[in-house]
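Reader: I've got a model open and I'd like to learn how to read its strands and sheets. Can you walk me through it?

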Amino acid sequence: MGLVSRLGFRGRLIAAMISLVALVSLVIVALLMVYLFEDEKSRALEQLAIGERLTNEVIDRRTDLELSRLSVVVQDFGFRSAIASRDPATIDSALENHSGRVGADFALLLDSQGEPLASTLQNPFPAVSQEQLTSTRRNGFTRSLRAIDGRGYEILIIPIEAPGLRAWLVSGFALDQSLAEVIARLSGTSVIFRARSNQNDSLNSFAATTSIDAKLEQELAGASANANFIESAGYFTRIINLGESDPAAVQAVLLISRDATLQNYYQRAVEIALLVTAILIFAILLALVIARNLGRPVLQLASYARAIGEGTTPEAPAIRAGGELTQLRNALRDMLSGLREREAQIRYAATHDDVTGLKNRNALMQKAAELFDNRGRATLVGIRLNDLSDINDTLGLEFGDKVLIGIAKRLQQELQDARILARTGGGEFLALIPSLPPEACDQRVRALHDVIESPLQVDQTPFSLRVTIVTMELPEDAADTDALRRRLNLTFEQAEAHPEPFTRYQPGQDESHLRELKLITDLHAAIMGDGLHMNYQPKLNSQSGELVQVEALVRWIHPELGFISPEEFIFLAEQSGQIHDLTAHILQRVASDARRWHEQGVDAGVAINLSAMDLTWPALTRHIAETFHDWHHDLERVTLEVTESALMEDPEEAMATLNQLRALGVTLSVDDFGTGYSSLSQLRKLPVQELKIDKSFVLKLDSEPQDQLIVRSTIDMAHGLGLKVVAEGIENLEAWQLLQHWGCNLGQGFYLSRPIAPEDLPETALSLAARKGELSRPNPEYSE
């Protein structure tokens, strides 16, 4: 960067132009060289392809010539007579003479059965198969290429036929040096013939028109069996498999010298390099001229633009060159003017509301931050228009904007001493006014409330609004902007729940809100990490005193906050969307505990409470079925308890879910019966099998005649509807005996047993069994 800076504008301009020309030239050169290289390579490949066709053509023409000569031999009367004589010496002499006449390197005479009659070979010739003889008889001749003793031969078999005579003439013609030279001369390539000593050995060269060094031999030996083209450092190579055997017994290798092929390529590369050098020299000279003419005005414009960027308002430079540089100077001058206008607009928009013209949230928070930094004091007044959303929906956004503008004007008139008045979003306005004593502040805010709610003229029509006003004292109620925003929202929430002319922030609300946030966050970890605990309260048969069922009760001991009541964290789970995870966790824990009790010999069903939101959970039925798929009892021993209020929140959805659960086979129970709003007609339609009388009617059952009337009537009504009855909150023997006498089916309460940990149930079951005489009804008068 230091070197580039020292070059200056003109130096950088020259360097940029030369670099651009050099880059373009190099790219063009690279593309040309690649193209030329590929072109020369393509020519070499085309020449090799032509050489391959010529090789096959030359061998085929030689075959035709050899066949014509052999045809003359087999028609020769003397040759036939020698064979017909069956004299070995005569046959050998005739075979040797005639094979020499046709130029065969060896010949073999076979009888009609394919057995050798005579041969010019010293070593045994590879056997001729009956398939070859059959093919010869059908086609008139048979041609094949074989490797014999590491050399390649063309083997021709033709029949010898005459009256009373049938034999086969097998002739071999070597693929020799002369043939290689003919192919090389016609194709313009070097030729190497290679053959195997047998089918498993590697190929060895036996005739070549070029010298074969160790490197070339290694490249040929390393070529795969199916390769027909090799590109190496020294040659472009084409491999031609001769014959029909696989792998080929004989190959013809065509080679073109890479250096010779690329000689033109190298020559063109030199020419292109010279051309590029000339272009670069010309580019340097041109860059010097252009830089000299453009450098000074461009530097002036650069200084002008730099001054604009620094936020100053410089004078535009005088440009003598005219043309584009003058246009650039004018554009920079116009840009400066536009920047100043847009900066003003942006600064205004960043701190003002576009509807009312008041300051916005950003401006108010900046003013509050300044207040905190300077340790000042003020009263924050917050106003929310309760009906603005309805106004926008029914009367339109334009009418709503007019309402906002009217309210803004009223606030400006009433809060003229405010440090800042801002519309902070929707129908919310905030103002920082001088701190006042509590009585004076209350009086002023009440007056402000009355003014805002007084009829407002909008389009010549009086219009009234309902508003919510809150106040906070700064810095007592909030010492920073983060606390201010958070506690302001909490105060608005409290004000909406308790309609008053205005609501003052009450210390401690924020801590309660933070506690809820912490519990919501930690509840997820407790569910995932088994941080919840399960307790179970036994339910006893009122007639026999036997343990029938246990109700699952979830407990949470927070590591920092201690015991958290189920009502609190279940409500938070519903509010935060974690209730389904909590329900699934409880179901899994109950199923696991029940299986363990069964293994320990305790026979007890389970009762599980469902939330109102669980009844709208589409996966509830599937999850229960999967959790209790290997349940050791019938699913009717699993009781799901739902409250009356849960059934009334969404009756249609609740009814659909209850029908699905009933179809699954579980028992359904209405919990806390008597505290909700369900009617008897609705109760009759519900697919439930059990009612659970709320403990508020049972706790003082022994001393409250009115509770006795309600409980006894409920039991009779439930039995009349075919439902079982469970009573909870049994605290003494008298209440238990009354319920037994009235025919209540099941009971639970501290008198019978307190909730216990899952591992204590076997011991508790034994204890309850020991109390069976005390807890059973001695003279039952009611039959279930």
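Author: Strands here are DSSP E runs of at least two residues, helices are H or I runs of at least four, and both are numbered from the N terminus. Before going on, note that this is a predicted model, where local features need pLDDT of at least 70 and side-chain atom pairs count only at pLDDT 80 or more, while totals for chains, interfaces and linings use all residues. Residues are numbered from 1 along each chain as its sequence is written, and side-chain values use heavy atoms, with hydrogens and water left out.

Reader: How many bridges join β6 to β7?

Author: Two strands pair if DSSP finds at least two bridges between them. Here β6 (residues 190-195) and β7 run antiparallel and are joined by four bridges.

Reader: Which sheet do they belong to, and in what order do its strands come?

Author: They sit in an open, antiparallel sheet of five strands, ordered β7-β6-β10-β9-β8. At its edges, β7 (204-208) and β8 (229-231) each pair on one side only. On average, neighbouring strands are turned by 25° against each other, direction ignored.

Reader: What lies across β6, β7 and β10?

Author: That's helix α5 (residues 177-187), running at about 140° to β6. Axes are lines fitted to C-alpha atoms, for helices over the stretch in contact, and angles run from 0 to 180 degrees between N-to-C directions.

Reader: Is Phe 206 buried or exposed?

Author: Buried means under 20% relative accessible area, exposed over 50%, and partly exposed in between (1.4 Å probe, protein chains only). Phe 206, which is in β7, has 14% relative accessibility, so it counts as buried. Leaving out residues up to four places away in sequence, it touches Gly 150, Arg 151, Gly 152, Leu 175, Phe 193, Arg 194 and Ala 195; a contact is heavy atoms within 4.5 Å.
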